[in-house]
Amino acid sequence: MKPLKLPSSSKAVSKALLLMGVLALTSCTERIETELAEYTTPKLVVEGWITDQPQPQRVRLTMSAGYMSGQAAPTVSDAQVTISDGQQTFPLTEQPLGSGNYYTAADVAGSPGNLYTLTVVSGGKTYTSSDLMRPVAPIEDLAFEYDDDIEYEDGELPRYKVLVWTQDLAGPGDHYRWTSFVNDVPEIDSLKNIWFVEDLLFEGADVNGVQVGTVRATPGDNVRVQQWSISAGAFDVMKGIMEQTEWRGGLFDPPPANVPSNISNGALGFFGAASVKERTGVIPY
Amino acid sequence: MSRWTIPLILPLLCSGALAQGGFTLSGNIKDKATGEDLIGALVQVTGPTTTGVSANTYGFYSLTLPPGDYTVRYSFMGYTRIEQPLKLDRDIRQDIQLAEATNELKAVEVTSRGKDKNIADVQMSSNHMSIETMKTIPAFMGEVDVIKALQMLPGVQTMGEGGSGMYVRGGGVDQNLILLDEAPVYNAAHLLGFFSVFNGDAIKDVQLYKGGIPASYGGRLSSVVDIRMKDGNNQKFNVEGGLGTIASRLTVQAPIVKDKGSFIVSGRRTYADQFLGLSNDKGLKHSKLYFYDMNMKANYTLNENNRVFASGYFGRDVFKNQGIGLDWGNATGTVRWNHVFNAKLFANITGIYSTFNYGAGSDDRADAFEWTSSIRDVSGKADFNYYFNPNNTIKFGGQISVHTFAPGKVTGESDESAVTGLELPRTHSVEEAFYISNEQRFGSRFTATYGVRISAFENLGTRGVFEEDPEQPDANPRYVNWEPRLGAKYALTEMSSIKASYNRTAQYLHLASNGNSSTPFDIWFPTSERVKPEVADQYALGYFRNFSNNRYEFSVEGYYKEMRNAVDFKDNANLFLNESLEDEVRFGTAWAYGSEFMVRKQEGKLTGMLSYTLSHSDRRIDGINDGKKYRSKYDKTHNVSLMASYKLTKLWSVGASWVYQTGSPITMPIGRYEYGGQIVPIYSERNAERMPDYHRMDLSVTKASRKNETRRWQSEWVFSVYNAYARKNTYSINFRQDKDEPNKTFAEKTYLFSIVPSITYNFKF
């Protein structure tokens with residue numbers, strides 16, 4: 001994920017401070033050896049979304065591990081996983097076995113206004129989590145602008161800023177995330193490439209050509225942009241994760257803190273519900 | 001004010017009444033060459049009574065004595081003393097001018113400002129530093145820095161490299177009352193703390209109180225840094241300045257009317273950003289980064305009994321990069337009227353203005369915005385010194401301040417901008433205080449000071465910093481705190497004494513500072529219905545001993561401090577533009593204790609100081625670290641500072657300093673999990689681990705021009721080296737994910753400086 005320039009995410013200022021730090025001092029880094037206390041109580045980790053796009057909805061189950069374990073997170077199989085909207089219950093099955101990825105049937109779609117509850121039974125414990133699916137405004141227009149703020153290395157694909165035109169829904173408390181797909185391939189499936197923001201400073205406003213992401217593409221490529229409505233809880237988790245990982249290393253990092261979770265029974269991670277609107281554009285020649 | 005029904009009893013005036021019926025010797029003590037008041041100059045009399053007094057911050061002194069023949073001695077550190085007979089048969093006004101000693105004399109003949117002041121004074125836990133002493137310390141980038149000099153003193157901790165935050169006896173950075181000519185300075189840092197806002201050329205004198213805080217100061221828990229600007233030379237026109245690696249300075253002083261009034265104007269501007277053009281980074285190349293500041297002061301003596309002062313400070317930091325602009329700074333103003341009612345009663349009436357504000361903005365068309373925030377103080381203050389008799393000096397006064405907090409306002413800057421704007425509600429608060437204290441001598445060995453400060457705080461009108469219960473009307477409780485201030489000294493011998501003190505302090509303004517370093521974007525917020533005033537109790541005990549005819553001062557002090565309603569922020573707190581900031585605050589108790597050792601030599605060719613502090617501070621805050629006690633982020637067990645300066649010849653002098661500190665506490669991860677392609681850390685207890693120890697040596701060499709003796713133009717070159725043995729001191733440790741092997745994690749340390757040399761050219765004419 002990238003910091004949005006909208007001050008609501010506070011990252012504009014943090015970024016500027018970081019830059020100032022760099023200017024003032026030419027800070028340097030080097031790897032060091034440290035001894036960490038032993039980690040003895042692995043916990044269930046949930047990462048899952050249900051959207052209003054008809055598709056197999058995915059929930060991923062893994063376990064936490066020691067910080068220096070150096071291995072991919074252990075996956076969790078043999079769990080019973082369901083998502084319910086209060087009326088219907090959708091079962092999820094692990095595909096393929098051992099991957100830790102659980103999917104609904106292919107045609108499952110949520111609808112805005114419903115409260116979705118995830119239930120996971122694993123290792124004799126039951127974990128639950130709920131999130132309300134909020135509506136999202138459509139993307140009215142899209143544009144791509146060549147990014148000349150950065151220095152390109154030889155052979156690197158050009159980068160384009162993704163600009164959207166939309167209107168924030170009336171009422172405060174709307175939170176957004178955007179994801180871009182170049183020729184139907186997601187940029188990279190990582191929080192690093194997802195931009196998110198809250199509507200604190202543009203409540204109910206017309207948003208005209210605000211940058212919501214960056215794509216590596218060549219002229220003529222199709223770029224599909226998704227605009228998601230996420231809950232405040234999801235926003236806090238995503239921001240918390242970035243503050244404790246990718247954004248660290250500046251002079252003004254917040255104190256280390258465990259990222260919140262919306263899963264019961266001591267599990268980590270987040271289960272969210274989101275309404276998604278898409279629009280596709282073409283990178284201009 | 002009618003709510004103040006405090007019986008202002010002066011219980012001990014009666015016992016002092018015995019000494020009535022004498023005459024009063026009073027006056028001002030000034031520097032002969034510049035007309036500057038000599039703060040703390042000593043007046044000693046021998047005769048029918050043997051006693052003494054030191055001049056107050058305006059150079060005024062008063063002594064009431066039985067009639068008779070005396071010898072009066074006026075002295076001040078680094079000045080030639082004056083000793084003269086005096087026949088006291090009426091009230092006498094005697095204004096004195098002391099001349100600065102020549103260098104040769106300084107080494108032998110000269111008495112210090114009461115050589116044994118540290119033994120004789122009842123005040124403990126306090127350090128005085130003259131600007132001359134500060135100039136002998138090797139300075140980062142050659143910029144003489146008041147705050148950095150204070151950081152060398154025992155009991156003062158720092159955070160990380162280069163920061164200008166001070167943590168005094170386990171107190172936070174917001175618990176220091178930093179006064180510039182009596183105006184509080186809310187953010188003492190330039191350029192994110194690598195420099196402080198005080199220009200060494202405009203400063204006369206700095207006094208730090210870590211404990212036994214006099215009743216005349218209040219509003220912060222842990223310390224007072226009382227900085228006085230120069231008054232300006234009232235004898236002759238005088239210019240001094242310097243050209244440095246990073247900044248240049250220029251100061252002009254002149255009489256308005258000789259002997260009666262003078263002014264000083266001093267300015268400073270950095271040009272570090274000129275080097276950015278050399279960077280290959282496209283972003284940095286077109287960046288701007290600089291600060292400037294300006295000090296001004298004028299004073300005029302109307303007559304023997306009335307004198308007026310006006311002083312001001314204005315400083316600004318500016319940063320611009322890729323459409324984002326930031327700027328911040330302080331402005332202060334002070335007007336003062338000294339009035340001598342009679343030889344025994346001295347008064348000072350002060351009007352104070354102080355503001356700190358910042359702005360941030362972006363000029364991108366689609367999301368252009370401007371963000372501003374400020375805090376502003378307007379205060380009135382009256383202080384009285386009543387020299388009742390030689391055994392009782394009574395100080396009393398009061399202060400009323402109106403604080404205005406504008407925590408944040410954002411506006412869209414163009415018609416196209418999507419930013420609709422937001423303004424957090426402003427708050428107006430009133431803080432009042434009254435104090436009275438007496439310093440009383442009981443015989444020649446025992447002196448006590450006892451007093452009380454009564455402070456009160458209340459917010460005005462309606463406010464909405466937190467979400468209110470609609471059922472409940474907005475409540476603005478009024479908080480009142482009684483703050484006893486006690487101190488005692490017992491002289492064991494002429495060269496040694498023991499001292500004890502107790503003080504309670506209350507603080508009504510709190511700083512929302514989340515990160516490890518303080519930034520200009522930290523937010524000051526007031527006490528309210530939910531945020532209670534912070535209150536501290538401190539007990540201190542000390543032993544003071546001088547050696548070799550007062551050439552060496554030694555002291556050891558122990559302290560214990562408890563701070564209630566200490567504030568901290570919950571995990572993942574959101575402090576930016578948060579309308580319900582108070583929801584993020586958590587409360588608890590903090591404790592600090594320690595001992596401080598110091599040896600200091602202030603005269604001779606070799607001067608210097610060695611200090612060692614052994615200390616501990618921790619806190620327990622509801623909802624943080626599962627409600628368990630944890631170390632404060634500035635808890636450093638061992639802290640050693642050594643500074644020394646040696647005058648080799650008339651032209652050459654060298655300086656060195658060395659600091660050693662236990663590594664800062666940090667929180668390290670124990671576990672991890674994956675989410676969204678990131679490896680997310682799971683932390684154990686807060687501040688349970690430590691970074692590697694910090695140590696650093698700085699050196700400087702000063703060479704005065706050979707021609708100085710024969711001309712009016714005086715000049716010198718100062719060469720200094722910061723971090724002389726290039727230690728890569730850890731600034732922070734971060735845990736990261738390897739880019740090539742995403743399952744791998746590693747620890748990475750950030751360090752800021754290796755060796756940093758600098759050159760400065762100073763001149764004076």
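A search of the whole predicted structure finds 52 salt bridges over all chains, a salt bridge being a side-chain nitrogen of Lys or Arg within 4 Å of a carboxyl oxygen of Asp or Glu. Side chains of opposite charge can pair when their charged atoms come close. Because this is a predicted model, local features need pLDDT of at least 70 and side-chain atom pairs count only at pLDDT 80 or more, whereas totals for chains, interfaces and linings use all residues. Residues are numbered from 1 along each chain as its sequence is written, chains are lettered from A and ligands numbered from 1 in the order in which they are written, and side-chain values use heavy atoms, with hydrogens and water left out.

In one of these salt bridges, the closest N and O atoms of E182(B) and R228(B) are 3.5 Å apart. This pair links distant parts of the chain, 46 residues apart, with E182(B) in the loop between β12 (176-180) and β13 (183-184) of chain B and R228(B) in strand β17 (residues 223-229) of chain B; strands are DSSP runs (E, at least two residues) and helices are likewise DSSP runs (H or I, at least four), numbered from the N terminus. R228(B) also meets D226(B) in a salt bridge of 3.0 Å, N to O. E182(B) and R228(B) are both buried, as is D226(B), where buried means under 20% relative accessible area, exposed over 50%, and partly exposed in between (1.4 Å probe, protein chains only). A further salt bridge joins D698(B) to R696(B), with the closest N and O atoms 2.7 Å apart; D698(B) is buried at a relative accessible area of 2%, and R696(B) counts as buried at 13%.

Chain B as a whole comprises six helices and 49 strands, and buried residues make up 60% of its 765 residues. Of the contacts in chain B with a separation of 6 or more, 65% are between residues 24 or more positions apart, a contact meaning heavy atoms within 4.5 Å.

Both chains contribute to an open sheet of three strands, in the order β1(A)-β48(B)-β47(B), with antiparallel pairing (two strands pair if DSSP finds at least two bridges between them). Since β1 (28-32) of chain A and β47 (732-737) of chain B stand at the edges, each with a single partner strand, one side of each is left without a neighbour in the sheet. Five bridges join β1(A) to β48 (residues 745-751) of chain B, and T29(A) stands opposite T750(B) in β48(B).
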